[in-house]
Amino acid sequence: QVQLVESGGGLVQAGGSLRLSCAASGRTFIGYAMGWFRQAPGKEREFVAAISWNGRNTVYSNSVKGRFTVSRDDAKNTVHLQMNNLKPEDTAVYYCTLGRGPSVATTGDGFTAWGQGTQVTVAS
C-alpha cells in the first residue's frame, strides 16, 4: 500500500510562490496518474491538478490554470505542484493523491490513497 506525504506548504504573501512536493513510499506510483486537491475551511474538497502516468497529459481547474504547474519525477517517486501568483483564495489544505489508473481524472473517485495534507496560507 502506498503512503503519500506532502511538504512545502506555508505562509506566503499574495503574488508569491510555493512549491509543494509529494513523496510516495511503500509502493511505486509509476504507471499511475497523480493528482492534487485542496480544501478550504467550510468548503468542500476541490480538484486542483492532475498528471498522467507518463507526464504527457495534465489538467487543471479553471481557478489555477496558468498559475500552477504539476510535474512528476518517477525516479524519485515524487510529484510537485509549483504554485505562482498565489491569491488569498488559494488558502487551503492541499492533498496529494494516487490515481486509480494511468489517465488523468478530475473527481475524487478517480483517485485512491490520499496524503495527510499540507497547509497553504496566502496573506493579502
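What volume does the largest pocket have? About 160 Å³. This is a predicted model, in which local features need pLDDT of at least 70, side-chain atom pairs count only at pLDDT 80 or more, and totals for linings use all residues. Residues are numbered from 1 along each chain, and side-chain values use heavy atoms, without hydrogens or water.

**View 1. Lining of the largest pocket.** A pocket is an open set of points on a 1 Å grid where a 1.4 Å probe fits, with protein on both sides within 12 Å along at least five of seven lines; lining residues have an atom within 4 Å of a point. Volume is the space filled by probe spheres set on the points. Among the lining residues are Arg 38, Lys 43, Glu 44, Ser 63 and Asp 90. By class, 8 are charged (Asp, Glu, Lys, Arg), 2 polar and 2 nonpolar.

**View 2. Ser 52 in the loop between β5 (46-51) and β6 (58-60).** Ser 52 is buried (under 20% relative accessible area, 1.4 Å probe) because its value is 2%. Beyond four places in sequence, Ser 52 contacts (heavy atoms within 4.5 Å) Ala 33, Asn 57, Arg 72, Pro 102 and Val 104. Its side chain reaches the backbone nitrogen of Arg 56 at 3.4 Å.

**View 3. A ring cluster of Phe 37, Phe 47, Phe 111 and Trp 114.** The structure holds 3 aromatic pairs (ring centres within 6.5 Å). Phe 37 and Phe 47 have centres 5.5 Å apart and planes at 80°, so they are edge-to-face (over 60 degrees). Phe 37 is in strand β4, Phe 47 in strand β5. Phe 37 and Phe 111 are also edge-to-face, with centres 5.4 Å apart and planes at 80°. Both Phe 37 and Phe 111 are buried.

Technical notes:
Helices (H or I, at least four residues) and strands (E, at least two) are DSSP runs, numbered from the N terminus. Buried means under 20% relative accessible area, exposed over 50%, partly exposed in between (1.4 Å probe, protein chains only). A polar contact is a pair of N or O atoms within 3.5 Å; within protein, one must be able to donate a hydrogen and the other to accept it, and residues adjacent in sequence count only if both atoms are side-chain atoms. Rings of Phe, Tyr and Trp (its six-membered ring) pair if their centres lie within 6.5 Å; planes under 30 degrees apart count as stacked, over 60 as edge-to-face and the rest as tilted.
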